[in-house]
Amino acid sequence: MSNELPAKPPLFEPLARLPAYHRVSSAIEQKILRRTLETGDPLPTETELAEQFAVHRSTVREALRRLESSGLVGRVGGSKRLRVTRPGHADTASRVGRTLALDDVTFIELWEAMRAVAPRTAALAAEQSTVQGITRLTGIIAGLETARGADTAVERVVDYFGALAELSGNRVLMLAMQPVTRLLAPSLRRMIDRVPQGRTRILVAQRCILEAIRERKPVEAESWMLRHVQDFRRGYELAGIALDTRVGTSTIADGV
């Protein structure tokens, strides 16, 4: 019998060889993120990029497609020349939402994220309160009061959370709030349809949050928002909606 000890598994695995187009797009992306290339700056032509990277034009073309799909470059005003662009919040939120859906996140995970983010957002909105922001929130609540169908009601609820995030002045919270509320919209629609008192409870909470914002009372706004989000969960339970249901890509299509 051999006395040799079994060979130990290697500590490291071979490095993955990324496709050339991936390395090209990553290099351009880094220039954009480091502000070496600013928004509006034109990119070199495909031929120039191919020469600089020492790759084929087809490789450059694929890299540029990747950057266009991510919203980092685009053609402005019908121009053929690609320029550095900045992805809009809605586009970014949409991509995040699709990623969450494809990762099979559940409604309970989304609700937990909302419970973590929304109360602090409300507090900041109260601290940063402006006449314009209060006017906008007031109009959204009025729209929810007069909404005839569940679809319109849900649109107003999503608008409310979006306006609240904008009023907070925190861009990270703005980006975090949009995909979560968008993915929760279909379950909220079912809840409003099935729970008669659902819309009334939403209106009461949103009015109280607005009043706290108007009076610049962040602690009160945060407290009311926490109760508001907790009430969503109770509404889902009353509506018979399973909170461990995975959010599918159809939810994106149905979102408002």
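**Loops, rings and charges in a predicted chain**

Let me start with R216, which lies in the loop between α9 (198-214) and α10, where helices (H or I, at least four residues) and strands (E, at least two) are DSSP runs numbered from the N terminus. What we have here is a predicted model, in which local features need pLDDT of at least 70 and side-chain atom pairs count only at pLDDT 80 or more, while totals for chains, interfaces and linings use all residues. Residues are numbered from 1 along each chain as its sequence is written, and side-chain values use heavy atoms, with hydrogens and water left out.

Staying with R216, its phi is positive, about 55°, although the residue is not a glycine. As a reminder, most residues other than glycine have a negative phi. With a relative accessible area of 47%, R216 is partly exposed, where buried means under 20% relative accessible area, exposed means over 50% and partly exposed is in between, using a 1.4 Å probe and protein chains only. R35, which is not a glycine either, also has a positive phi, of about 65°, and is found in the loop between α1 (20-33) and α2 (46-53). R35 counts as partly exposed, at 47% relative accessibility.

Now for the chain as a whole. There are eleven helices and two strands, and along the sequence the elements follow the pattern α-α-α-β-β-α-α-α-α-α-α-α-α. Of the 256 residues, 39% count as buried. The chain exposes about 15,000 Å², with carbon and sulfur atoms supplying 52% of that area, the accessible areas coming from the Shrake-Rupley method with a 1.4 Å probe and, for residues, only the protein chains shown counting as cover. If we take contacts (heavy atoms within 4.5 Å) between residues at least 6 apart in sequence, 74% of them join residues at least 24 apart.

Let me turn to the aromatic rings. How many aromatic pairs does the structure hold? It holds two, where rings of Phe, Tyr and Trp (its six-membered ring) pair if their centres lie within 6.5 Å, and planes under 30 degrees apart count as stacked, over 60 as edge-to-face and the rest as tilted. The rings of Y160 and F161 have centres 6.1 Å apart and planes at 85°, so this pair is edge-to-face. Y160 is at 0% relative accessibility and therefore counts as buried, and F161, at 2%, counts as buried too. F161 also pairs with F232 in a tilted arrangement, 6.2 Å centre to centre and with 45° between the planes. Because F161 lies in helix α7 (residues 150-168) and F232 in helix α10 (residues 218-238), this pair ties together parts that are 71 residues apart in sequence. F161 and F232 are both buried, and Y160, F161 and F232 form one aromatic cluster.

R227 lies over the face of W224, at 4.0 Å from the ring centre, and R233 lies over the face of W111, at 5.1 Å from its ring centre.

That leaves the salt bridges. A salt bridge here is a side-chain nitrogen of Lys or Arg within 4 Å of a carboxyl oxygen of Asp or Glu, and by this rule the count comes to 14. One of them joins D151 and R189, whose closest N and O atoms are 2.4 Å apart.

Because R156 and D159 are three residues apart in helix α7, they are separated by about one helical turn; D159 counts as partly exposed at 31% relative accessibility.

Finally, the side chains of K217 and E215 meet in a salt bridge of 2.9 Å, N to O. K217 counts as partly exposed at 36% relative accessibility, and E215 is partly exposed as well, with a relative accessible area of 38%. Elsewhere, salt bridges that share partners join E46, R57 and R61 into one network.

Definitions and conventions. A charge sits over a ring if NZ of Lys or CZ of Arg is within 6 Å of the ring centre and within 35 degrees of the ring normal.
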